[in-house]
Amino acid sequence: EKEKYNAKLQLLAEQINPHFLYNALEFVNMEIFNGNVENASSMILNLSEYLRISLAYGENTHSISRELDLACAYIKIMNLRFNNSIQLTTQVPEELLNHTILKCIVQPLIENSIKHGFKLGNSRKQLFFPVIEICMSLDDEHFTLSVTDNGAGFDPNKMSELMFGEQKEAQNGKHFGLNNIYQRLLTYYGDVKVSFSSIPFVENKIVIKLPPFKN
């Protein structure tokens, strides 16, 4: 049973990195083709940092500090890719930084904000300054993680369907990462509570509540 459990977690984790890696390498190739070697070099350095943390020698977990480092590396890559200054802020108590968390949870949530909240890379001029905030807290009952952005917003009911729906259905849409997050959290923690709220261009938030840390 333990082997099946670890294999399922590994399979779900491996579905995240290839999607991101293909897009990142495509961007590096375009920058080199266009003669933007400094951007390409910066992209490769941040991509190397991202992969160093996310691969983590096959481990399913790492510290919250490393999870935040992963998020920062991803934002740097996206800022280079879209020539756009996305501001990432964190509200995480220092005493939580060494606690262990399932890896690669925050990055897909940030990706969701960038792709569907900010819609970067299209022809329309951005009318607002993109901001993403990561918050974490711990009490006797829950570890709480939230990701908030000031993007175009979403339909909370639709987001719930995408996150909790059957995996094969989620794969057909653009929000596959949401269902992947839920499946991995459910497999590892057993008890997962997720809520969505949206005020377009003000506060769009995904809140995840997990049992207190295992360590």
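Helices (H or I, at least four residues) and strands (E, at least two) are taken as DSSP runs and numbered from the N terminus. The structure is a predicted model, in which local features need pLDDT of at least 70 and side-chain atom pairs count only at pLDDT 80 or more, whereas totals for chains, interfaces and linings use all residues. Residues are numbered from 1 along each chain as its sequence is written, and side-chain values use heavy atoms, with hydrogens and water left out.

The secondary structure of the protein chain comprises eight helices and seven strands. Of the 215 residues in the chain, 45% are buried, where buried denotes under 20% relative accessible area, exposed over 50%, and partly exposed the range in between, computed with a 1.4 Å probe on protein chains only. Where contacts (heavy atoms within 4.5 Å) join residues of the protein chain at least 6 apart in sequence, 71% of them link residues at least 24 apart.

The largest nonpolar core contains 54 residues, and those with the most contacts inside it are Met136 and Ile208; such a core is a set of buried Ala, Val, Leu, Ile, Met, Phe, Trp, Tyr and Cys residues joined through side-chain atoms within 4.5 Å. Helix H4 (residues 64–82) supplies the largest share of this core, namely ten residues. When neighbours within four places in sequence are set aside, Ile208 is in contact with Leu109, Phe143, Thr144, Leu145, Ile181, Leu185, Val192, Lys193 and Val194.

Helix H4 also takes part in two helix pairings. Two packed helices are described by the angle between their axes and the distance between the axes; here the axes are lines fitted to C-alpha atoms, for helices over the stretch in contact, and angles run from 0 to 180 degrees between N-to-C directions. Helix H3 (residues 37–55) packs with H4 at an angle of about 155 degrees, their axes lying 9 Å apart. H3 is therefore roughly antiparallel to H4, given that angles under 35 degrees count as roughly parallel, over 145 as roughly antiparallel, 65 to 115 as roughly perpendicular and the rest as oblique. The crossing of H3 with H4 is left-handed, a term used if the near helix is turned anticlockwise from the far one by less than a right angle, with right-handed used if the turn is clockwise. On the H3 side the contact involves Asn39, Ser42, Met43, Asn46, Leu47, Glu49, Tyr50, Arg52, Ile53 and Ser54, and on the H4 side Arg66, Asp69, Leu70, Ala73, Tyr74, Lys76, Ile77 and Leu80. By class, this contact of H3 with H4 holds nine nonpolar, four polar and five charged residues, with Ala, Val, Leu, Ile, Met, Phe, Trp, Tyr, Cys and Pro counted as nonpolar, Asp, Glu, Lys and Arg as charged, and the others, Gly among them, as polar.

In the second pairing, H4 and H5 pack at an angle of about 30 degrees, with axes 9 Å apart, and the two helices are therefore roughly parallel to each other. H4 passes H5 in a right-handed crossing. Glu67, Ala71, Tyr74, Ile75, Met78 and Phe82 of H4 meet Val106, Gln107, Ile110, Glu111 and Ile114 of H5, and the residues of this contact divide into eight nonpolar, one polar and two charged.

Although 70 residues separate them along the chain, the C-alpha atoms of Pro212 and His142 are 5.1 Å apart. Leaving aside neighbours within four places in sequence, His142 is in contact with Ser137, Lys193, Lys209, Leu210 and Pro212, and Pro212, under the exclusion of neighbours within four places, with Leu138, Asp139, Asp140, Glu141, His142 and Phe143.

Within strand E7 itself lies Lys205, which is partly exposed at 23% relative accessibility. Residues touched by Lys205, not counting those up to four places away in sequence, are Ser146, Val147, Thr148, Phe154, Ser195, Phe196 and Ser197.

Backbone geometry was also examined. Most residues other than glycine have a negative phi. Cys104, in the loop between strand E3 (100–102) and helix H5 (106–118), has a positive phi of about 60 degrees and is buried, with a relative accessible area of 5%. Phe201, in the loop between strand E6 (193–199) and E7, likewise has a positive phi, near 65 degrees.
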